[in-house]
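Trainee: I am new to this structure and would like to learn how to read it. Please take me through one feature at a time.

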Amino acid sequence: MSDTAIANETELTRAEESRVGDYIALLKPRVMSLVLFTGYVGLEIAPGSLHPVLAITALLCIAVAAGASGAINMWYDADIDAIMDRTKTRPIPSGRVTPKEALVFGGFLSAISVMTMGVLINWMAAGLLAFTVFFYVAIYTMWLKRSTPQNIVIGGAAGALPPVVGWAAVTGDVALPSLTLFAIIFMWTPPHFWALALYRNEDYTRAGVPMLPVVAGRAATKRQMMIYTVALFGVTLLPFVQGYAGPLYLGGAIVSGLLFIAAAWSVLRSGETEFGPAKRMFGYSILYLFLLFALLPIERALGIWG
């Protein structure tokens, strides 16, 4: 094979790898990982059990549905993504994937994940999974995001549903423990996302997205973040109060929750042009939710509870 042929083949391979990478980027892998983990916790703490193969299948369906929602979100938001510094290098605004390709990709994965969940697991879990996709795409992305500063408050329900889906995959129903996990994520979402919105305020202003800092200002946003963070602290104690979490979870929830409140206080006290506290709170918020949810299956694995 000539040097030219080898070079052409290498270039083709790189192009194919880049193409695959672009489609993976459409799935929003970082968001998917959080959705997958919270879905796993809902499945893990549910009474009863699934065969390991079916449990993995259920989690894959949750992950794929989350990725599909992300792809459709990028299709719909391609216009504002092209304006915002945080998102302008995404596959669609950068021209690496066409909007039609993203929509077809997301729609196909949505259908496959829901049907697989229904046929192989149960139709209650499949119905909840379908509603999760619908809520994120139609209610949040297409309606709330561009119409109200409460977009992330109401829209947070979509991100809070995975543990309910995981629970339903095992039990075939919805119960109080899964709804409590839903409530934790639902209350966590506003301070988490508003922290990002504070230091990305110029992006949202240019794009015309009515995030709370854009509409109500930084001071009002900081106050709302503090209120939600304090309320979240109370909600995170419910698993212990309701009797399905033990002392390890309670201690972790108190310590990590107080640190989250301290982060919100730091943001509240920060100056108008001081973005460091908001960035730190945003970064900690992700770690906080992972650690909080991880304590539940860890307790069971150690035989401390459940």
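Mentor: Let us begin with one residue. Glu272 is partly exposed, at 48% relative accessibility. Keep in mind that this is a predicted model.

Trainee: Which residue does Glu272 meet in a salt bridge?

Mentor: First, the general idea. Side chains of opposite charge can pair when their charged atoms come close. Here the partner of Glu272 is Arg218, with 3.8 Å from N to O. Arg218 sits in helix H12 (residues 218-236), and Glu272 is in the loop between helix H14 (247-269) and H15, so the pair ties together parts that are 54 residues apart in sequence.

Trainee: Is Arg218 buried or exposed?

Mentor: Arg218 counts as buried, because its relative accessibility is 10% and the cut-off for buried is under 20%.

Trainee: How many salt bridges does the model have?

Mentor: The count comes to ten. Let us take two more. Asp203 pairs with Arg206, and their closest N and O atoms are 2.5 Å apart.

Trainee: How do the places of Asp203 and Arg206 in the helix relate, and what separates them?

Mentor: Recall the helix rule. An α-helix has 3.6 residues a turn, so residues three or four places apart point the same way. Asp203 and Arg206 are three residues apart in helix H10 (residues 201-207), so about one helical turn separates them. Asp203 is buried, at 4% relative accessibility. Arg206 is partly exposed, with a relative accessible area of 42%.

Trainee: And the other salt bridge?

Mentor: That one joins Lys88 and Asp85, with 3.2 Å between the closest N and O atoms. Lys88 is partly exposed at 41% relative accessibility. Asp85 is partly exposed too, and its relative accessible area is 41%.

Trainee: Which residues are linked in a network of salt bridges?

Mentor: Asp85, Lys88, Arg200, Asp203 and Arg206 are linked in one.

Trainee: Now for empty space. How do I look for pockets?

Mentor: Rolling a probe the size of a water molecule over the atoms shows where empty space is left. In this model the largest pocket holds about 1300 Å³ of space. Its lining has 50 residues. Lys28, Val31, Tyr136, His192 and Phe193 lie nearest the centre of the pocket.

Trainee: How does the lining of the largest pocket divide into nonpolar, polar and charged residues?

Mentor: There are 32 nonpolar, twelve polar and six charged residues.

Trainee: Which helix gives the most to that lining?

Mentor: H2 does, with eight residues. Several helices supply at least two residues each, including helix H3 (52-76), helix H6 (123-144), helix H9 (176-199) and helix H15 (276-301).

Trainee: What is in the second largest pocket?

Mentor: About 150 Å³ of space lies there. Among the residues that line it are Tyr40, Glu44, Ser49, Ile56 and Val170. H2 and H3 are the elements that give two or more residues to this lining. By class, the lining has eight nonpolar, two polar and one charged residues.

Trainee: H2 keeps coming up. How do I read a helix by its span?

Mentor: Compare its reach with what is expected at 1.5 Å a residue. H2 has 17 residues and reaches 24 Å from first C-alpha to last, close to the expected 24 Å.

Trainee: Which residues of H2 are buried?

Mentor: Among them are Met32, Val35, Phe37, Gly39 and Ile45. The cover over the buried residues of H2 includes H3, H8, H9 and H15.

Trainee: One last case, please. What does Ser256 touch?

Mentor: Ser256 is in helix H14. Ser256 is buried, with a relative accessible area of 9%. Not counting residues up to four places away in sequence, Ser256 touches Tyr284, Tyr288 and Leu292.

Note on methods. Residues numbered from 1 in each chain as written. Predicted model: local features only at pLDDT ≥ 70, side-chain atom pairs only at ≥ 80, totals over all residues. Heavy atoms only, no water. 1 Å grid on protein atoms, 1.4 Å probe; cavity = no way out; pocket = protein on both sides within 12 Å on 5 of 7 lines; lining within 4 Å. Points joined across faces, edges and corners; volume = space filled by probe spheres on them. Helix = DSSP H or I, 4+ residues; strand = E, 2+ residues; numbered from the N terminus. Nonpolar A, V, L, I, M, F, W, Y, C, P; charged D, E, K, R; others polar. Expected span 1.5 Å × (residues − 1). Buried < 20%, exposed > 50% of the residue type's maximum accessible area, 1.4 Å probe, protein only. Contact = heavy atoms within 4.5 Å. Salt bridge = Lys/Arg side-chain N within 4 Å of Asp/Glu carboxyl O.
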